[in-house]
Amino acid sequence: MKKGKIAAWVLLLLLPAGFVGLWRLQRKISVERDAMHQEQDEVLVRSPKLMRLLTGEYSPLAADIYWTRAVQYYGGKRLGQDTNLESLWPLLDLATTLDSHLIPAYRFGATFLSEPEPRGAGRPDLAVKLLERGLETNPEAWRLNQDLGNVYYLELKDYAKAGQTYLEGSKKAGAAPWMKVMAARFLEKGESRETSAMLWSEVYESSTDESLKENARINLQLLRADEDIEHLNEIAGHFATRFGRPPHSMREVMQAGLIDGEPLDPAGYPYAIGTDGKARISQKSPLFKQQSTYRRPF
Amino acid sequence: MRSPAIETENLAKEYPHGFLHLKRKTSLESLTMQVQNGEVFGLLGPNGAGKSTTIKLLMGIIFPTAGSARMLGKPASDVSMHGDIGYLPEQPYFYDYLTAAEVLDYFARFHGLSAAERGERVQKMLKKVGLETAGRIQLRKYSKGMLQRVGLAQAILHDPKLVILDEPMSGLDPVGRREVRDIILELKKAGRTILFSTHILSDAEVLCDRVGVIAGGKLRGVGSPSSIVDVKTLGMEILFELAEGKRMAGRFLGNATKPGAGFRLSVAENELYAALAELDAAGAKITAVTQIKPTLEDFFMELVSKDRAQATAVEVSGK
Amino acid sequence: MSRVLTVARNAFREAVRDRVLYNLVFFALLMIVAAIVVGQISMDIETVVMISLGLSAISLIGLLIAVFTGVGLVSKEIDKRTLHAVLARPLQRWEFLLGKFAGLVLTLAVNTAAMAAGLFLALLVVKHSLVRSDSVVLVAIYFILLKLMLVVALAMLFSCFTSPLLAILFTGGIYVAGLFVSELRSLQLTNLTAQMQKFFAVISYILPNFGNYDVMGAAAHSRGIAGRLVLYNTLYTLLYCSIVLGAASVIFSRKDLK
């Protein structure tokens with residue numbers, strides 16, 4: 001027994017050394033693997049028709065799986081700050097072919113397929129294709145009209161089509177009254193900040209998906225910031241007329257009594273005055289970075 | 001003087017027992033015994049007495065909670081001397097996808113025999129235990145008795161100095177048991193030491209030089225089979241025949257029993273002649289007169305019942 | 001050493017005579033055939049699909065064998081008591097363990113090689129010729145084998161101190177956990193304290209990282225794999241197996257058998 005006991009103690013003492021060795025090897029392995037640019041094939045079978053055939057009566061279940069993968073794929077790419085979203089369309093295409101009534105998938109795709117890189121796949125044409133399929137198979141889904149209209153308005157700048165589809169949607173049972181209002185705005189005024197704000201407001205209210213809600217919220221904040229900046233620039237103009245030069249900082253403007261209190265952006269950070277004397281979002285604010293990745297609202 | 005083939009000193013084994021393993025069950029209590037070189041030693045006891053536990057402790061299958069054991073002069077935990085030891089487990093079981101020949105060959109490989117030697121030994125062993133013809137059949141098809149024979153074969157195939165057999169007779173028919181007895185005697189003649197456990201007393205009486213009786217985890221006695229019991233005569237037994245119709249009256253006749261065709265009567269030693277006279281007067285024909293001596297069995301049964309009584313007493317008293 | 005080899009040879013022989021293994025291998029080959037069919041339908045990425053599905057099949061079958069047979073290596077011997085006569089030999093318990101391990105690993109190597117041959121044959125059928133870059137698939141298969149070695153070691157460790165069912169569950173559980181180790185390391189949840197994050201990081205290094213062996217993407221797209229990665233993965237596997245088998249030996253050497 002004695003020999004056995006000695007062996008046991010020796011092994012116990014060597015254990016930490018062993019794990020240290022593993023740790024170091026692991027780091028080396030991780031380095032090698034990162035350098036490999038692993039491309040995960042998210043979609044092995046590209047033919048939706050084949051998948052439909054293979055899954056048979058379990059198609060809706062398979063659709064759910066693809067739909068979940070699509071969301072994870074998108075989330076994973078965002079977290080890893082990878083902008084390559086080329087598998088998003090195939091995943092959504094598959095999900096909606098397998099289950100044409102999977103409304104959340106259409107709505108998700110509407111935003112994240114159409115938005116430009118780096119936030120989305122930058123393929124509004126595919127988003128339109130997806131939504132048209134959704135509308136065909138779900139004729140009573142006026143929300144999809146809303147989404148389609150948004151794509152036309154925001155990305156394709158086709159206000160006529162946007163208004164048209166909103167109008168169609170407004171006629172469907174259960175449609176919200178503002179659908180008609182928005183249709184009119186599109187057709188009459190084309191793009192405007194107010195319209196965009198209303199649009200994003202509605203999207204924010206109606207979305208159940210977290211990513212979509214977040215996306216809408218930030219867009220709304222940026223719109224509001226834009227409005228604030230326009231207003232602040234007006235005030236800066238007043239400053240210039242009074243003092244003969246543009247303001248150097250927000251404090252100057254405040255000290256001049258031209259505004260009450262420190263103006264804060266929608267994220268709660270104070271606005272700043274740039275070297276050109278124009279107001280802008282502070283670099284400390286999260287909106288600063290988002291400004292460049294999100295569509296520049298006008 | 002060479003050290004004994006097996007010696008134990010206060011060898012003990014306790015098992016955690018019961019819910020949450022809080023209680024301890026003593027399987028073997030402080031066993032101190034020796035087996036000398038060249039003797040056949042029988043470990044006797046009822047089932048659950050601790051015989052198998054002792055043997056497993058010796059073979060390193062389980063580990064003692066106290067005490068020590070030595071085999072062939074080295075501690076029992078030294079596995080290297082297993083080369084000189086043969087072991088037959090109780091209710092042996094071997095890889096059922098192998099044939100008997102393959103199993104024996106597999107075991108033989110551990111003993112450093114050359115391929116030629118191995119082949120020869122395997123054949124010899126199969127023959128010795130009467131499995132010559134069945135050597136190529138997979139063990140899954142073997143009966144219990146056949147497995148027992150394979151077990152015996154693997155225990156002796158490397159010609160060990162010490163052979164330990166756990167219930168070697170179990171599962172064998174009378175012919176098989178006779179064969180095993182012969183093998184044991186043969187081994188003894190060749191100067192090997194044998195330890196075997198059994199609960200069959202007649203085997204122990206016939207084969208063993210010495211016997212150790214274990215009951216309730218304790219060693220109750222060691223010695224030659226005849227010395228273990230008091231060689232005190234318990235009385236005389238008379239067997240006789242009586243013609244039909246005769247009256248069974250009289251001091252002795254009245255106590256006679258009729259176990260089969262004839263009659264039987266037990267009397268104290270000093271009353272033998274009086275009884276014989278009465279029988280003679282009754283016209284009985286005496287067929288046999290023998291001494292009644294306590295057998296190993298009586299000793300055994302007494303031990304077991306005493307043990308049970310003690311165990312019950314302990315339980316009742318709540319200790 | 002020769003004693004270890006004796007046990008290994010016997011363990012290999014036992015596996016070979018176990019008919020279940022043949023069925024599993026056959027199943028794997030079937031999957032490879034199916035992969036060809038599916039590949040044909042998936043416009044222009046047939047080799048990618050085939051290699052992916054083929055490697056997945058080989059990995060899955062190998063895992064099943066590794067877990068179930070690995071646990072049985074020790075459990076079966078203890079339950080059926082075939083172990084007693086073996087331990088009566090001049091054989092140390094750790095030599096026994098090592099021999100069983102080697103025997104099963106050898107079996108897995110042979111099975112994997114057979115399935116790999118099937119996969120290459122399928123590739124040949126589809127591509128009509130093989131190029132040098134296809135050798136990446138060999139590396140992927142070698143990595144699968146390394147992975148299986150580690151799984152066997154873990155299965156043996158668990159079966160030394162728990163019931164067979166629990167051993168299977170624990171081994172399977174650790175395997176699944178090991179797949180997500182790299183994610184654990186980079187856990188970005190904002191509501192975790194620094195200590196919790198450190199805790200997870202430590203765990204992520206202790207758990208076996210089975211993600212290391214996944215090179216399916218590279219193999220499917222015929223991209224090269226660094227020789228250094230092969231070396232490091234091999235060393236990692238050998239080191240981890242040594243630790244696990246060492247622990248198993250210690251536990252097994254003190255275990256009371258039935």
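**Chain make-up, cores and packing**

In chain B, 37% of the 319 residues are buried, a label that calls for 20 or more other C-beta atoms within 10 Å of a residue's own, with 12 or fewer counting as exposed, anything in between as partly exposed, and C-beta atoms placed from the backbone. The model is a predicted one, with local features needing pLDDT of at least 70 and side-chain atom pairs counting only at pLDDT 80 or more, while totals for chains, interfaces and linings use all residues. Residues are numbered from 1 along each chain as its sequence is written, and chains are lettered from A and ligands numbered from 1 in the order in which they are written.

Chain B has 9 helices and 13 strands; these are DSSP runs numbered from the N terminus, with helices being H or I of at least four residues and strands being E of at least two. Of its contacts with a separation of 6 or more, 71% link residues 24 or more positions apart, a contact being two C-beta atoms, placed from the backbone, within 7 Å.

Six strands of chain B make up an open, mixed sheet, in the order E6-E7-E8-E3-E9-E10. Strands pair here if DSSP finds at least two bridges between them. At the edges sit E6 (85-88) and E10 (218-223) of chain B, each pairing on one side only. Neighbouring strands are turned by 15 degrees against each other on average, direction ignored. Inside the sheet, E3 (40-44) and E8 (193-198) of chain B run parallel over 5 bridges, and Leu44(B) has Thr198(B) as its bridge partner in E8(B). Helix H5 (174-189) of chain B packs on the sheet, touching E3, E7 and E8, and its direction makes about 150 degrees with that of E8(B). Helix H4 (144-156) of chain B lies across E6 and E7 (162-166), at about 170 degrees to E6(B). Axes are lines fitted to C-alpha atoms, for helices over the stretch in contact, and angles run from 0 to 180 degrees between N-to-C directions.

Chain A has 13 helices and 2 strands, and 32% of its 298 residues are buried. Residues 24 or more positions apart give 53% of the chain A contacts with a separation of 6 or more. Helices H11 (210-243) and H13 (286-293) of chain A pack at about 100 degrees, with axes 10 Å apart. That makes H11(A) roughly perpendicular to H13(A), the label for 65 to 115 degrees, with under 35 counting as roughly parallel, over 145 as roughly antiparallel and the rest as oblique. On the H11(A) side, Ile218(A), Gln221(A), Leu222(A) and Ala225(A) make the contact, and on the H13(A) side Leu287(A), Gln290(A) and Gln291(A). By class that is 4 nonpolar, 3 polar and no charged residues, where Ala, Val, Leu, Ile, Met, Phe, Trp, Tyr, Cys and Pro count as nonpolar, Asp, Glu, Lys and Arg as charged, and the others, Gly among them, as polar.

As for cores, the largest nonpolar one has 157 residues, with Val152(C), Ala153(C) and Met156(C) having the most contacts inside it. A nonpolar core joins buried Ala, Val, Leu, Ile, Met, Phe, Trp, Tyr and Cys residues through C-beta atoms within 7 Å. Helix H6 (136-159) of chain C gives the largest share, 18 residues. Beyond its neighbours within four places in sequence, Val152(C) touches Ala66(C), Gly70(C), Phe101(C), Leu104(C) and Val105(C).
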